[in-house]
Amino acid sequence: MEWEQIGGFVKQNKAEISLLMASLDVVQQYQREGDIVGLSRIHQKVDVSAGWEQVLGQLSHREVKRRTQSINQGFQFDVSIADADFFSFYRTMHVPTMSARYGAFARSVEEQDAFSSLFKRGVLFRIKKHTDWVAGSVSQIDWPARTLNARLIGMRDGSAVYRANGAQNFVYHSILEWASNQSSIDWVDFQGCEPFLSKGTFQYKKRFGAQAVIPENAFGQWRILIRVPALCASVRKFLINNPLIGLDADGRLQAQYFFDANHEVRSDIPYASKGIHSQVFRNLDQWHG
């Protein structure tokens, strides 16, 4: 629909909850009292400018332990710029992995675009268990920004075995180790996820010492607007179970938690992360919607 149709659509829509993702100016145009506004997306970046030892010191205890276990199991990595390796990775690892995860909803960068805009501007990480290539990742390097963008990931044949045995996890360790030893790279951008603290992606990547940031692409200028005509049980459940990342009055990242008389704040969904400066609790029983 066109932007001018949104107002009428939202007004006529009888859904229990409406979620609009649009540019900031559009969201500001349609926002009214009682609406919830959050970022449209966040990225998680790791500072690797001080070298590998500094990066190791930022890893959570859990990741340090997993890294040690992976190395003891025979995991290692190398970096390839060979075209044949890219096509082998894309066809036998990346595509099957996306299919296994998302089925008919799988989406990714098309092969030729991935080859020219990602691989040819970056590197392919090959994860091996002893000498057996079992996983990998294509990362694009933005040299002017001194940033490695971790983009495509894949396990051999898309098999869940390589998630269970630590191969997938070792991809992230390998990228950080390699990048932190490159004098021309200061940041590893592990890319983005939706701005809900309940996202496993968010909780996982912060264990690598990642800092949550507003993306420096178009998503950085977009926002999510959530409107609820009435606070029915399902809406309350959704809001309470999915704390949202927004901005405070000074434009810094802030975690928004919700609660009511019968449901406490989901403090078991932690916001603590580099880049998120504060948290705020919103009482749904005092709602203005």
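1. The residues in question are E111, A114, F115, S117 and L118. Here, buried means under 20% relative accessible area, exposed means over 50%, and partly exposed lies in between (1.4 Å probe, protein chains only). Helices (H or I, at least four residues) and strands (E, at least two) are DSSP runs, numbered from the N terminus.

2. Before going further, please keep in mind that this is a predicted model, in which local features need pLDDT of at least 70 and side-chain atom pairs count only at pLDDT 80 or more, while totals for chains, interfaces and linings use all residues. Residues are numbered from 1 along each chain as its sequence is written, and side-chain values use heavy atoms, with hydrogens and water left out.

3. Axes are lines fitted to C-alpha atoms, for helices over the stretch in contact, and angles run from 0 to 180 degrees between N-to-C directions.

4. Which residues make the contact between these two helices? Helix 5 contributes D83, F86, F87, Y90 and R91, and helix 6 contributes E111, Q112, A114 and F115. Contact means heavy atoms within 4.5 Å. Sorted by class, this contact of helix 5 with helix 6 has five nonpolar, one polar and three charged residues. In this scheme Ala, Val, Leu, Ile, Met, Phe, Trp, Tyr, Cys and Pro count as nonpolar, Asp, Glu, Lys and Arg as charged, and the others, Gly among them, as polar.

5. Next, follow the seven-stranded open sheet, whose order is 4-5-6-7-8-3-9 with mixed pairing. Strand 4 (75–80) and strand 9 (211–213) stand at the edges; each has a single partner strand, so one side of each is left without a neighbour in the sheet. From one strand to the next, the twist averages 30 degrees. Two strands are said to pair if DSSP finds at least two bridges between them.

6. Within this sheet, strand 5 and strand 6 pair in the antiparallel sense over eight bridges. To find your place on screen, look for G122, which stands opposite Q140 in strand 6.

7. Is strand 3 (residues 42–47) largely enclosed or open? Five of its six residues are buried, so strand 3 is largely enclosed by the rest of the structure. Strand 3 pairs with strand 8 (residues 187–193) in the antiparallel sense over five bridges, and V46 stands opposite V188 there. Strand 3 also pairs with strand 9 in the antiparallel sense, over three bridges, with Q44 opposite A212.

8. Q191, in strand 8, has a positive phi of about 70 degrees although it is not a glycine. Q191 is buried, with a relative accessible area of 18%. D157 also is not a glycine and has a positive phi, of about 60 degrees. D157 is found in the loop between strand 7 and helix 7 (161–164) and is exposed, with a relative accessible area of 59%.

9. There is also an open sheet of three strands, in the order 11-12-13, again with mixed pairing. Its edge strands are strand 11 (244–247) and strand 13, each of which pairs on one side only. Neighbouring strands here are turned by 35 degrees against each other on average, direction ignored. Strand 11 and strand 12 pair in the antiparallel sense over four bridges, and L244 stands opposite Q256 in strand 12.

10. Finally, visit E264, in the loop between strand 12 (253–259) and strand 13 (276–283). E264 is exposed, with a relative accessible area of 70%. Not counting residues up to four places away in sequence, E264 touches I240, F258 and F259. How far apart are the C-alpha atoms of E264 and F89? They are separated by 46 Å, and the two residues are 175 residues apart along the chain.
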